[in-house]
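Trainee: I have a model open here and would like to go through it with you. Shall we take it one question at a time?
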Amino acid sequence: MSTTKPEPQQPALHRLVHKINPPPRPTYGPNRIGKAQNYRPRLVTRLLSKYFPPPVRTDVAWYSASIGKKLDRTSDFFVDATGSNGKELTTLLHSIRDRAWALDAYPCFGRWLFLLPGISGLSWYDDVVLKRAREGATVLDLGCGLGQEIRRVAVTESVKSTQLYVLDVSQEIWALGLELFGDASSPPAKFIQADARTDRYAESLRANSEQLFQLSGKVDVVLMGLFLDLFHFPGQVEVGKTVAMLSKVGTHAVGYSRGTTTGNAVEEEVKDAGTRSMVHDDKSLKTLWFDIGELTKTKWKVEVNLVEIGEFGWEQEDVGWMGGPPPMGICFVATRES
Ligand SMILES: C[S@@+](CC[C@H](N)C(=O)[O-])C[C@H]1O[C@@H](n2cnc3c(N)ncnc32)[C@H](O)[C@@H]1O
């Protein structure tokens, strides 16, 4: 299957205007969420952007034009779930990815990481996620993006869509997922638009989202794929407070993201991307859950695995560009004990 699509050529006048008035390099992450609301470009930039809409720049290291090998392990899932195959599937994926990139320039879109097995490739997946879902567990995907993770759970035998919830700060990204999978008329899960970060008080959760508040103490399994590493340590603690408030004894929180070798955990500026991120090793990830437990009067047993990046299907270019400590894959299952 050919996975590359030629870049569309802009008219010459547009190219000239963009040369004189270049669009800003894209950034991603929580800093950007705040800026989007406050930032007002100069009048001349607004006028030029209105008549010559700028393409979102792609000359950054966390963007790849071609799908490359990212579909190798998951093409059966995407063929079944989208109802498209071959060239038609490639065209559809490029169209959705390009529009997701224009909304939010995350590496998960730029480098096609959403096509990889993700949480379904983790060793706890069958025993924790699927087994519990089959038994009727309530599952919530935090920072769901296009929603490929919840759709894998949704197609599991005897799982009902009423058990499944997804949360994302961006309604538009979820809507693109509905378009990709063609299931807008019968969504696989209930979508909640909210910020996953809250303080540890019920009122703060309620102020963030009434729908989320209604799930307090009711969620059995929380998925966090490529999510925690968007935030620096205090942001991760705020996500953990939300998880703790939604949880009950026995709840599992399962996730994965970029990590690093033992002893190299670091809070870092991500090179060029305008965001800060806590990159965990096994010890610091356990400390995170210990802190979340202390602050929320809950207790979590945490299992952590550090794996070579290839195990997640990542290539060096997918994570090496960030600089910082040696990249590894890190995954965890945190089980609430009290
Ligand atoms: C890197 S993508 C990962 C998406 C998905 N989990 C996956 O594995 O493909 C991060 C997602 O988190 C969402 N997001 C970012 N900040 C958020 C926040 N504070 N609360 C909820 N969602 C957030 C973004 O809109 C984006 O869809």
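Trainee: Which residue has a side-chain N or O atom 2.8 Å from a nitrogen atom of the ligand?
Mentor: Good place to begin, and keep in mind that this is a predicted model. Among the 22 residues around the ligand, those that come nearest are C108, G143, Q148, D168 and D195. The side chain that places an N or O atom 2.8 Å from a ligand nitrogen belongs to D195.

Trainee: Is S257 buried or exposed?
Mentor: Start with its setting: S257 sits in strand β5, residues 252–260. Leaving out residues up to four places away in sequence, S257 touches L226, D229, F312, W314, M328, G329 and I330. Its relative accessibility is 7%, and the cut-off for burial is under 20%. S257 therefore counts as buried.

Trainee: How do helices α5 and α9 run relative to each other?
Mentor: Helix α5 covers residues 86–103 and helix α9 residues 171–181, with their axes 10 Å apart. L92, L93, I96, R99, A100 and L103 of α5 meet E172, I173, L176, E179 and L180 of α9, a contact of eight nonpolar, no polar and three charged residues. The packing angle is about 175°. Angles over 145 degrees count as roughly antiparallel, so α5 and α9 are roughly antiparallel.

Conventions. Residues numbered from 1 in each chain as written. Predicted model: local features only at pLDDT ≥ 70, side-chain atom pairs only at ≥ 80, totals over all residues. Heavy atoms only, no water. Axes fitted to C-alpha atoms, helices over the stretch in contact; angles between N-to-C directions. Helix = DSSP H or I, 4+ residues; strand = E, 2+ residues; numbered from the N terminus. Parallel < 35°, antiparallel > 145°, perpendicular 65-115°, else oblique. Contact = heavy atoms within 4.5 Å. Nonpolar A, V, L, I, M, F, W, Y, C, P; charged D, E, K, R; others polar. Buried < 20%, exposed > 50% of the residue type's maximum accessible area, 1.4 Å probe, protein only. Near = heavy atom within 4 Å. Polar contact = N/O pair within 3.5 Å; in protein donor to acceptor, adjacent residues only side chain to side chain.
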